[in-house]
Amino acid sequence: HVIDGYMEEFLPIINNHSETCLELEDGCILFQVSGDRDNPEIVRIYEEYRGQQDVDIHNSTDRFRDLNANIEHMLSEVIVRTTDLLS
């Protein structure tokens, strides 16, 4: 949930992070940022990686650490859900 008044600052940062992850991380195969239709303060981020090792690599990058440091004051809540493909 993005705190009211921060969306204009938040979106360019998260969109840049999305593009950078797709460009620099071979294991990142999807990174999409979308807005909730019913609540404009909710941003949903969908990420897909080839495997857990790629998730771990992503989470250990300086870019990921810097992103969180730059946006944490803009967020009132962060909910993370992880899934596995069942195919």
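Tutor: We begin with the accessible surface, which for this protein chain comes to about 6600 Å². Of that surface, 47% belongs to carbon and sulfur atoms. Please keep in mind throughout that the model is predicted.

Student: What share of the 87 residues in the protein chain is buried?

Tutor: Here a cut-off is needed: a residue is called buried when its relative accessible area is under 20%, and exposed when it is over 50%. In the protein chain, buried residues make up 24% of the 87 residues.

Student: How does the radius of gyration of the protein chain stand against that of a compact globule?

Tutor: The idea is to set the value against what a compact globule with that number of residues would have. For 87 residues that would be near 12 Å, and the protein chain, with 13 Å, agrees. As for its extent, the C-alpha trace spans about 35 × 30 × 20 Å along its principal axes.

Student: In what order do the elements of the protein chain run?

Tutor: One reads them from the N terminus on, and the order is α-β-β-α-α. In total there are three helices and two strands. A further reading concerns contacts between residues at least 6 apart in sequence: 51% of these join residues at least 24 apart.

Student: How is empty space in a model found?

Tutor: Rolling a probe the size of a water molecule over the atoms shows where empty space is left. In this model, the largest pocket has a volume of about 1500 Å³. It is lined by 36 residues, of which Ile45, Glu47, Ile79, Val80 and Arg81 are the closest to its centre. Two or more lining residues are given by each of α1 (7-24), β1 (28-35), β2 (43-49), α2 (52-59) and α3 (62-71).

Student: Which element gives the largest share of that lining?

Tutor: Strand β2 does, with seven residues.

Student: Let us turn to single residues. Is Ser18 buried or exposed?

Tutor: One compares the relative accessible area with the cut-off of 20%. Ser18 has 7%, so it is buried. This residue lies in helix α1, and, leaving aside neighbours within four places in sequence, it is in contact with Phe31 and Val33.

Student: Where is Ser34 placed, and with which residues is it in contact beyond its neighbours within four places in sequence?

Tutor: Ser34 is in strand β1. Apart from those neighbours, its contacts are Ile42, Val43, Arg44 and Tyr46. The C-alpha atoms of Ser34 and Ile45 are separated by 6.4 Å, the two residues being eleven apart along the chain. With a relative accessible area of 28%, Ser34 is partly exposed.

Student: What does Arg44 show when read in this manner?

Tutor: Arg44 is in strand β2 and, neighbours within four places in sequence set aside, is in contact with Gln32, Val33, Ser34 and Asp36. Its relative accessible area is 36%, and it is therefore partly exposed. Between the C-alpha atoms of Arg44 and Glu9, 35 residues apart along the chain, the separation is 16 Å.

Student: Which residues does Tyr6 touch, not counting those up to four places away in sequence?

Tutor: Tyr6, in the segment before α1, touches His73 and Met74. Tyr6 is partly exposed, its relative accessible area being 27%.

Key. Residues are numbered from 1 along each chain as its sequence is written. This is a predicted model: local features need pLDDT of at least 70, side-chain atom pairs count only at pLDDT 80 or more; totals for chains, interfaces and linings use all residues. Side-chain values use heavy atoms; hydrogens and water are left out. On a 1 Å grid over the protein atoms alone, a cavity is a set of points where a 1.4 Å probe fits but cannot get out, and a pocket is an open set with protein on both sides within 12 Å along at least five of seven lines; lining residues have an atom within 4 Å of a point. Grid points are joined across faces, edges and corners, and a volume is the space filled by probe spheres set on the points. Helices (H or I, at least four residues) and strands (E, at least two) are DSSP runs, numbered from the N terminus. The radius of gyration is taken over C-alpha atoms; the globule rule is 2.2 Å times the number of residues to the power 0.38. Buried means under 20% relative accessible area, exposed over 50%, partly exposed in between (1.4 Å probe, protein chains only). Contact means heavy atoms within 4.5 Å. Accessible areas come from the Shrake-Rupley method with a 1.4 Å probe; for residues, only the protein chains shown count as cover.
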